[in-house]
Amino acid sequence: MIEWFTIVQVSVAVAAGLLCVILGLSGRKPTDLSMGATALVELLLIIQLVIAIASPAFGNNPSGSLLEFYIYLISAVLLPAAGGFWALIERSRWSTVILGAVCLAVAVMVYRMNVIWFVQGA
Amino acid sequence: MAHDTLAPPTRTRARGIGRVLIIVYAILALGATGRSVVEIIEKFDQAPFAYTLSTLAAVVYIVATVALIAPGPVWYRVAWVTITFELVGVLTVGTLSLLLPELFAKPSVWSWYGMGYLFIPLVLPVLGMLWLRKNR
């Protein structure tokens with residue numbers, strides 16, 4: 001894991017989550033904006049996955065449990081895709097709220113991943 | 001319980017704001033399951049009681065998620081049972097974790113009323129019950 005990238009990622013996920021929740025509660029159906037924000041969160045997760053796979057080769061090893069780290073990471077990667085897809089089956093404002101909820105959950109999970117990598121067991 | 005002979009067509013409860021509830025349940029189920037799998041594989045002997053509870057909670061969250069999505073009176077009842085179980089669980093374990101902290105050397109989903117999960121385990125069953133009452 002790379003700390004500055006993780007900070008960027010959590011910030012983007014929180015911002016995207018709040019944006020989608022606010023848009024949804026104010027009655028907007030999913031638009032390019034809310035879907036785009038969720039897609040950005042997903043893209044950053046995939047980059048995070050690549051970083052995680054490559055890191056040990058550069059001597060950057062987790063201080064905590066690698067198994068726990070990957071369970072969080074894989075769950076997080078699945079969330080925006082699954083949540084986004086399921087939300088779009090019914091295109092209502094609640095679908096936009098779902099996108100927001102998923103992004104906020106990703107933010108929490110990435111924060112936990114950061115704790116596992118840098119703090120847990122250190 | 002009396003049933004109408006002309007039962008309304010079974011509709012899924014997975015619509016509108018109910019979808020938000022279900023997705024939060026699904027996320028909690030995913031989180032609790034993932035965590036309990038790690039705990040059992042890596043450190044079950046450290047706190048068997050707390051980790052068994054974590055696993056039980058995870059299973060109940062999965063069943064509740066399915067029951068909220070699936071239509072029909074049977075699943076409706078399953079949803080009530082699982083959600084009630086969750087509320088009782090989070091209140092009981094939450095109280096025990098304050099009174100007998102030595103039982104909970106390692107935290108479970110429900111320790112300290114679900115504080116490690118932003119109190120979502122405490123709030124969610126209440127919202128679930130309100131939702132179920134409105135959407136037979």
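Predicted model: local features only at pLDDT ≥ 70, side-chain atom pairs only at ≥ 80, totals over all residues.
Trp112(B) is partly exposed, because 19 other C-beta atoms lie within 10 Å, while a residue needs 20 or more such neighbours to count as buried.

**Two loop residues of chain B**

Trp112(B) is placed in the loop between α3 (73-99) and α4 (120-134) of chain B. Leu118(B) is likewise found in the loop between α3 and α4 of chain B. Leu118(B) counts as exposed, because it has 11 C-beta neighbours inside 10 Å and the limit for an exposed residue is 12 or fewer.

The backbone of these residues also deserves attention. Most residues other than glycine have a negative phi. Trp112(B), however, has a positive phi, near 50 degrees, and the phi of Leu118(B) is positive too, near 55 degrees. The table sets out these values.

| Residue | Phi | C-beta neighbours within 10 Å |
|---|---|---|
| Trp112(B) | near 50 degrees | 19 C-beta atoms |

**The fold of chain A**

Chain A contains 4 helices and 0 strands, and from the N terminus its elements run α-α-α-α. The radius of gyration of chain A is 15 Å, close to the 14 Å that the globule rule gives for 122 residues, so the chain is as compact as a globular protein of that length. Along the principal axes, the C-alpha atoms of chain A fill a box of roughly 45 × 20 × 20 Å.

Of the 122 residues in chain A, 41% are buried. Among the contacts in chain A between residues at least 6 apart in sequence, 84% join residues at least 24 apart.

**How two helices of chain A pack**

Two packed helices are described by the angle between their axes and the distance between the axes. For helix α1 (residues 3-25) and helix α2 (residues 32-54) of chain A, the angle is about 160 degrees and the axes are 9 Å apart. The angle therefore makes α1(A) roughly antiparallel to α2(A), since angles over 145 degrees are classed in this way. The crossing of α1(A) and α2(A) is left-handed.

Residues on both helices make the contact. On α1(A) they include Phe5(A), Val12(A), Ala16(A) and Leu23(A), and on α2(A) they include Ser34(A), Val41(A), Leu44(A) and Ile51(A). What kinds of residue form the contact of α1(A) with α2(A)? They divide into 12 nonpolar, 4 polar and no charged residues.

Key: Residues numbered from 1 in each chain as written. Chains lettered and ligands numbered in written order. Rg over C-alpha atoms; globule rule 2.2 N^0.38 Å. Contact = placed C-beta atoms within 7 Å. Axes fitted to C-alpha atoms, helices over the stretch in contact; angles between N-to-C directions. Parallel < 35°, antiparallel > 145°, perpendicular 65-115°, else oblique. Left-handed = near helix turned anticlockwise from the far one by under 90°. Nonpolar A, V, L, I, M, F, W, Y, C, P; charged D, E, K, R; others polar.
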